[in-house]
Amino acid sequence: MTGAVTGQYVTLAAMQRDLFDAEHDAFRDLVRTFLEKEVLPHHAEWEKQGQVDREIWLAAGRTGLLGTDVPEEYGGGGTPDFRYNAVALEEITAAGASGLGFPLHNDVVAPYLLRLCTDEQKQRWLPRFCSGEMITAIGMTEPGTGSDLQGIATHATRDGDDWVLNGAKTFITNGILSDLVIVVAKTDPDAGSRGFSLLCVERGMPGFERGRRLEKVGMKAQDTAELSFTDVRVPAANVLGEVGEGFIYLMQNLAQERLSIALGATAGAAAALRMTLDYTKERKAFGRPVAAFQNTRFELAEMDTEVDVTRAYVDRCLAAHVAGELSVADAAKAKWWATDVQKRVVDRCVQLHGGYGYMLEYPIARAFVDSRVQSIYGGTNEIMKEIIGRTLTG
């Protein structure tokens, strides 16, 4: 078996993917060039400072990497095809550019804005969303709730033309840099799942504070923060969608978020395998390449098979999503399976690197610490299995 390298994203086996056409390939080249010129030379410094520079968002906007599915009238790419999102995510992951919060911006936040914004809100927010002038985040998780979204305690009460917001969120990607945060808040404590709404909190609103930038095991260049809201007056014009429908909106959009995680996990596993294959061919032990040992070949064969089988399912989910047919359960399957595969593959790749696999100067070590969170965020893998189980048992 020979390995075929397509830029940063790697296809080790002969099986060809048939999801992408020439336009997607051209976009992949664009993303790859952007990463090589604008991101990779600076990523180590961003890891030291704990966040990327805002300029990289503006550069991404100029290159056309933000809001590819936003209508052209608002400065977007005008292409509602999630395969472009998949291409960008695969390249970012394979390059190890974990500091970039673009996937959260494009894959998670964009659907809420595109589906729920009023015309006035679209005019106000989407052009800056696409240019990189406005960085976005979404506030779901709280210190005491984790994956239990119905346990959200952040609340807002109506006062004239405003909603007065109080509460706290944690583990918020883009938390420090964000200019617009979609905050999930309880607006009717007696309405159960119909008591949640989405409020858009903007930078500079009195009472909106950023807490500490959280120190993580991996993904050091991605700013992750605590946010707090103390009597923040959010204009009614900043409510996203209908009051009381927030939980339903979350359920409608979480499938895409989980597919995005699965795509990134598969790309990350493939990249780890590629660098390990190269390493074992070059590294010698007892006078011959590590790849020459049967145990190494068996390890590589098993991992390559796992990655290929996983990619086949995740690609099927991607095709279903593009066709508007991806189910919540199938997205949950893709998310938990792909992230577990990524963890197993990366761990075995570290082992094949030996002591050097534990050194952060080697990309495999950074892949190891960056990948651990995959089975946690977007809903833990245990929650994914609960979702699947409920569809089976009723």
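Helix H5 bends by about 45° at Val109, and a proline, Pro111, follows within four residues. The model is predicted.

**Helix H5**
- H5 runs over residues 102–116, 15 residues in total.
- From first C-alpha to last, H5 reaches 20 Å, close to the 21 Å expected at 1.5 Å a residue.
- Of the 15 residues of H5, 13 are buried, so the helix is largely enclosed by the rest of the structure.

**Crossing of H1 and H4**
- The axes of helix H1 (residues 22–39) and helix H4 (residues 82–94) come within 9 Å and cross at roughly 35°.
- This crossing of H1 and H4 is right-handed.
- On the H1 side, the contact is made by Glu23, His24, Phe27, Arg28, Val31, Arg32 and Leu35.
- On the H4 side, the residues they meet are Arg83, Tyr84, Val87, Ala88, Glu90, Glu91 and Ile92.
- By class, the contact of H1 with H4 has seven nonpolar, six charged and one polar residues.
- An α-helix has 3.6 residues a turn, so residues three or four places apart point the same way.

**Ala320 in H8**
- Ala320 lies in helix H8, residues 294–322.
- Ala320 counts as buried because its relative accessibility is 9%, under the 20% cut-off.
- Not counting residues up to four places away in sequence, Ala320 touches Glu325 and Leu326.
- Ala320 and Asp330 are ten residues apart in sequence, with 9.6 Å between their C-alpha atoms.

**Ala334 in H9**
- Ala334 is in helix H9, residues 328–353.
- At 1% relative accessibility, Ala334 counts as buried.
- Leaving aside neighbours within four places in sequence, Ala334 is in contact with Ala262, Tyr313, Val314 and Cys317.
- Cys317, one of these contacts, is 17 residues from Ala334 in sequence and 7.5 Å from it in space, C-alpha to C-alpha.

- Most residues other than glycine have a negative phi.
- Asp231, in strand S9 (residues 224–235), has a positive phi near 50°.
- Asp231 counts as partly exposed because its relative accessibility is 48%, and the exposed class begins over 50%.
- Phe286 also has a positive phi, about 55°, although it is not a glycine.
- Phe286 sits in the loop between strand S11 (284–285) and strand S12 (288–289).
- At 82% relative accessibility, Phe286 counts as exposed.

Notes:
Residues numbered from 1 in each chain as written. Predicted model: local features only at pLDDT ≥ 70, side-chain atom pairs only at ≥ 80, totals over all residues. Heavy atoms only, no water. Helix = DSSP H or I, 4+ residues; strand = E, 2+ residues; numbered from the N terminus. Expected span 1.5 Å × (residues − 1). Bend = angle between axes of the 7 residues up to and from the residue. Buried < 20%, exposed > 50% of the residue type's maximum accessible area, 1.4 Å probe, protein only. Axes fitted to C-alpha atoms, helices over the stretch in contact; angles between N-to-C directions. Left-handed = near helix turned anticlockwise from the far one by under 90°. Contact = heavy atoms within 4.5 Å. Nonpolar A, V, L, I, M, F, W, Y, C, P; charged D, E, K, R; others polar.
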